[in-house]
Amino acid sequence: HLSVSDLMSHRPITVHTYDDLGRACELINTHGYGALPVLDKGNHLVGIISKADLVRAFSKFLESNHPHP
């Protein structure tokens, strides 16, 4: 019988709330993760950022800077 603790990363790669999105993209691409835990200044887990979150942010950025005719 396998449990979550048998498969989880015991020393996960993380980002902080004050990191920019480029840092999250770099870590996700470098390490091949689909998502990263997000920590606050006290190193408490406050959320998760995923590849899908980053793609949505990039898409909104492109639309705001290059609106469709």
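In this predicted model, the largest nonpolar core is built from eight residues: Val15, Ala24, Leu27, Ile28, Leu36, Val38, Ile49 and Leu54. Two elements, α2 (21–31) and β2 (35–39), each put two or more residues into this core. The top contributor is α2, which supplies three of them.

Setting aside the neighbours within four places in sequence, Leu36 is in contact with Ile13, Val15, Ala24, Leu27, Ile28, Gly47, Ile48 and Ile49.

Stepping back to the overall layout, the protein has three helices and three strands. Walking along the sequence, they come in the pattern α-β-α-β-β-α. As for contacts with a separation of 6 or more, 25% of them link residues 24 or more positions apart.

What about the overall dimensions? The radius of gyration of the protein is 15 Å, whereas a compact globule of 69 residues would come out near 11 Å. Taken along the principal axes, the box filled by the C-alpha atoms is roughly 55 × 30 × 20 Å. Of the 69 residues, 16% are buried. The protein exposes about 5500 Å², and 59% of that area comes from carbon and sulfur atoms.

In general, side chains of opposite charge can pair when their charged atoms come close. Here the structure holds one salt bridge. Arg56 and Asp53 are the partners, and their closest N and O atoms sit 2.5 Å apart. Why are these two residues about one helical turn from each other? Both belong to helix α3 (residues 51–65), and they are separated by about one turn because they lie three residues apart in that helix. The surroundings of the pair can be described as well. Arg56 has 46% relative accessibility, so this residue counts as partly exposed. Asp53, at 28% relative accessibility, also counts as partly exposed.

Note on methods: Residues are numbered from 1 along each chain as its sequence is written. This is a predicted model: local features need pLDDT of at least 70, side-chain atom pairs count only at pLDDT 80 or more; totals for chains, interfaces and linings use all residues. Side-chain values use heavy atoms; hydrogens and water are left out. A nonpolar core is a set of buried Ala, Val, Leu, Ile, Met, Phe, Trp, Tyr and Cys residues joined through side-chain atoms within 4.5 Å. Buried means under 20% relative accessible area, exposed over 50%, partly exposed in between (1.4 Å probe, protein chains only). Helices (H or I, at least four residues) and strands (E, at least two) are DSSP runs, numbered from the N terminus. Contact means heavy atoms within 4.5 Å. A salt bridge is a side-chain nitrogen of Lys or Arg within 4 Å of a carboxyl oxygen of Asp or Glu. The radius of gyration is taken over C-alpha atoms; the globule rule is 2.2 Å times the number of residues to the power 0.38. Accessible areas come from the Shrake-Rupley method with a 1.4 Å probe; for residues, only the protein chains shown count as cover.
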